[in-house]
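Hi,

Here is the structure I said I would pass on. Have a look at it first, and then read my notes below.

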Amino acid sequence: MGVSATLTGLTILTLGFAAAVVQGSRDSSAKTPTSRAAPAVDNLRQCSELARRLDALRETRLLRPGTTAVLAVDARTGRVLYAAQADRLLVPASNVKLVSTATALAVLGPRWRYVTLVLGSPPDGAGRVPGDLRVVGSGDPTLDQDALERLAKRLAKGGLRRVDGDVRLGGGVVVATGNAEHEPREPAVSAFAKAFDEAGIEVSGAVRRERRGWSSPQADAEARELLRHRSKPLRQLIRRINRPSDNDLAEAVVRTAGAVLWGGRPTRRKALRAMRWWLRTRAGLRSTRLAIADGSGLSRRSRMTARQL
C-alpha cells in the first residue's frame, strides 16, 4: 500500500484509500477530537499498518512542530479508516489549490484554453499594415516573454514587416513576469515592444494600452484575425498548479472561472464566489465552519478541516 505525500499543507493519496492531511495554525474555538483508527473494510492488518504509518508520519521532524489533522477513508465505501483531529479548523495552506482547481475544472472543463488574438488589416505586398494592430486576450497567465517572441515571429513569418500605427493591448492581455501578474501595465507594453523588435517588425507608432478596458478575445468590425495564440489546455495547467504549487497560476484560473460564471473581468471577489459555489453545489459543503480567503493558500485567514477536504 504505497503512500505519496507532499509535506506542506499536505494531502496524501493512497491505493485503496484517500487521506487528507492539513498542517497549520489552529482555530482556538475548534474542538480537538482524539486520534482513532477505524476497522478496515477488507483487512484489519492492513488498517493497523496504515494507522502505524500515519502515526509515524505525524511524528516526523517536518510535522511535529505544527498542528496536524488527518482523515483517511476507504475510497470505495467512504468508511473512515483513520482520523486525528479531523474536525479541527486549520489554515489549509496549499490544499486550497484543490478547491480552486476543482472549481476551474467544473466551470471551464479540462480542454479549456486561454486565447490571445492579434487583429488588424492583412499586410500588403510590402509587409505593411495600415493603421493599428490590436491584441486582445482572455487573461492568459502563461503568456510570458518567450511566448510573446514566438507570437511575433509567427507574425513576421506571415509577412508582417511594419505597422503604420500603434500596437494596442486590450485589458485581457497580461504578461507573466515572474511576480504576481495582476495585469501589469508597463511590463506588458515593454515585453510586446521587445518581441516585435526582435522579430524585425517595425512599429511606426507606439505599443500602448487601450482605454476601453477589458474586452473578449474576438474579431470585430474593425479588423480581421491575423493570429491566434492558445495556451496549453487547463488539465496541463492544473498539473503545474498542484504539483509544484504555482500560486499565481492557481489564482488566475479560478479568477477566470469566476469571470465566466458572472461576466466581466476576472477579479478576486468573483474567484471566491466561484469557489464557494463549487463547495456548496458540487462538494456538498454547506457548513459555515470554513473560510476561503484566496485561491492559492497564501492567506492565513482561510480555515478548513481535514474532513471537509
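Which residues form a positive surface patch? They are Arg 268, Arg 269, Arg 273, Arg 276 and Arg 301. Keep in mind that this is a predicted model. Of that group, Arg 273 sits in helix H7, which covers residues 268–281, and Arg 273 is partly exposed at 44% relative accessible area.

Now for the salt bridges: the whole structure has 13 of them. One pairs Asp 132 with Arg 168, with 3.4 Å between the closest N and O atoms. Asp 132 is in the loop between strands E8 and E9 while Arg 168 is in strand E11, so this pair ties together parts that are 36 residues apart in sequence. Asp 132 is partly exposed, at 28%, whereas Arg 168 is buried, at 12%.

Another one joins Glu 210 and Arg 134, at 2.6 Å from N to O. Here too distant parts of the chain are linked: Glu 210 is in the loop between strands E13 and E14, Arg 134 is in strand E9, and 76 residues separate them. Both Glu 210 and Arg 134 are buried.

Then there is Glu 225 with Arg 228, whose closest N and O atoms are 3.0 Å apart. Glu 225 is partly exposed at 34%, and Arg 228 is partly exposed at 38%. As for networks, salt bridges with shared partners connect Asp 132, Arg 134, Asp 166, Arg 168, Arg 208 and Glu 210.

Pro 92 is buried, with 0% relative accessibility.

Cheers

Technical notes:
Residues are numbered from 1 along each chain as its sequence is written. This is a predicted model: local features need pLDDT of at least 70, side-chain atom pairs count only at pLDDT 80 or more; totals for chains, interfaces and linings use all residues. Side-chain values use heavy atoms; hydrogens and water are left out. Patches are made of residues with over 30% relative accessible area and no salt bridge: like charges are joined within 9 Å, nonpolar side chains (Val, Leu, Ile, Met, Phe, Trp, Tyr) within 5 Å. Accessible areas come from the Shrake-Rupley method with a 1.4 Å probe; for residues, only the protein chains shown count as cover. A salt bridge is a side-chain nitrogen of Lys or Arg within 4 Å of a carboxyl oxygen of Asp or Glu. Lys and Arg count as positive and Asp and Glu as negative; His and the chain ends are not counted. The place of a charge is taken as NZ of Lys, CZ of Arg, CG of Asp or CD of Glu. Helices (H or I, at least four residues) and strands (E, at least two) are DSSP runs, numbered from the N terminus. Buried means under 20% relative accessible area, exposed over 50%, partly exposed in between (1.4 Å probe, protein chains only).
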